[in-house]
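Me: I am new to reading protein models. Please take me through some of the terms.

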Amino acid sequence: MQGSIENTHIVIKREDIYKYLSEPELISLEHILHSISIGRAREGKNQNNTYYICNTDESYADKVLNIILNQGASDGWIPCSERLPEEPRKIIVEIEDVLDLINANVLIEYNVTLQGAKLPTSMYYAGNGFWFDEASREFYPVIAWQPLPEVYQPLAAVNHETCWETGGECPSEHADTKEDGRTQKKHYRTGCAVRDTKSLLLRG
């Protein structure tokens with residue numbers, strides 16, 4: 001991922017610290033962090049800052065960076081004049097090379113806005129500012145881009161057959177909904193549930 005944000009911080013995963021450092025190294029790191037904390041306090045700064053971290057290899061990393069660069073005001077579009085996607089690691093010479101890399105899932109498809117277009121479309125970024133349309137096998141001038149959204153995932157269907165007590169079809173006395181002032185028996189997403197006025201017991 002490319003961007004114009006200056007690299008000013010070092011992020012170390014806590015798990016990696018305890019996994020890869022020896023005991024003397026851990027002690028040294030603790031002294032270093034303590035010295036930094038004391039120095040910040042002398043300058044009137046917060047001794048221990050906290051941060052939101054986003055790995056650059058996450059699918060949504062470009063969206064996060066775009067929001068940061070635009071100070072929170074973003075419709076998701078990234079002008080090509082400001083930044084391009086990460087360059088492919090393969091050298092592209094001919095159109096057949098592009099098609100081979102698409103079939104090998106090496107090139108990434110993005111939502112794009114073409115120069116003069118009224119509606120967005122999607123194309124593959126082939127590197128060096130070139131955008132490729134697989135259908136027409138042509139390169140097009142793109143003025144803005146954004147990562148494709150995640151694929152829609154419908155909610156799981158409610159299971160009206162499985163019962164936590166029998167493991168099979170729910171017996172009629174469980175399936176019926178009763179309101180006698182004390183107990184209600186009702187289906188839930190993962191199976192049967194028994195609810196009274198004092199507790200809610202879900203068993204899936």
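Me: Why is R137 called partly exposed?
Reply: Its relative accessibility is 44%. Buried means under 20% relative accessible area, exposed over 50%, and partly exposed in between (1.4 Å probe, protein chains only). So R137 counts as partly exposed. This is a predicted model: local features need pLDDT of at least 70, side-chain atom pairs count only at pLDDT 80 or more, and totals for chains, interfaces and linings use all residues. Residues are numbered from 1 along each chain as its sequence is written, and side-chain values use heavy atoms, without hydrogens and water.

Me: What makes N128 exposed?
Reply: The relative accessible area of N128 is 67%. The cut-off for exposed is over 50%, so N128 is exposed.

Me: Where does N128 lie?
Reply: N128 sits in the loop between β3 (121–127) and β4 (130–133). Strands are DSSP runs (E, at least two residues), numbered from the N terminus.

Me: What is the phi of N128?
Reply: Phi of N128 is near 60°, a positive value in a residue other than glycine. Most residues other than glycine have a negative phi. R137 also has a phi near 60°. R137 lies in the loop between β4 and β5 (138–140).

Me: How do the residues lining the second largest pocket divide?
Reply: They divide into 12 nonpolar, two polar and eight charged. Ala, Val, Leu, Ile, Met, Phe, Trp, Tyr, Cys and Pro count as nonpolar, Asp, Glu, Lys and Arg as charged, and the others, Gly among them, as polar. A pocket is an open set of points on a 1 Å grid over the protein atoms alone, where a 1.4 Å probe fits, with protein on both sides within 12 Å along at least five of seven lines; lining residues have an atom within 4 Å of a point.

Terms used. Helix = DSSP H or I, 4+ residues; strand = E, 2+ residues; numbered from the N terminus.
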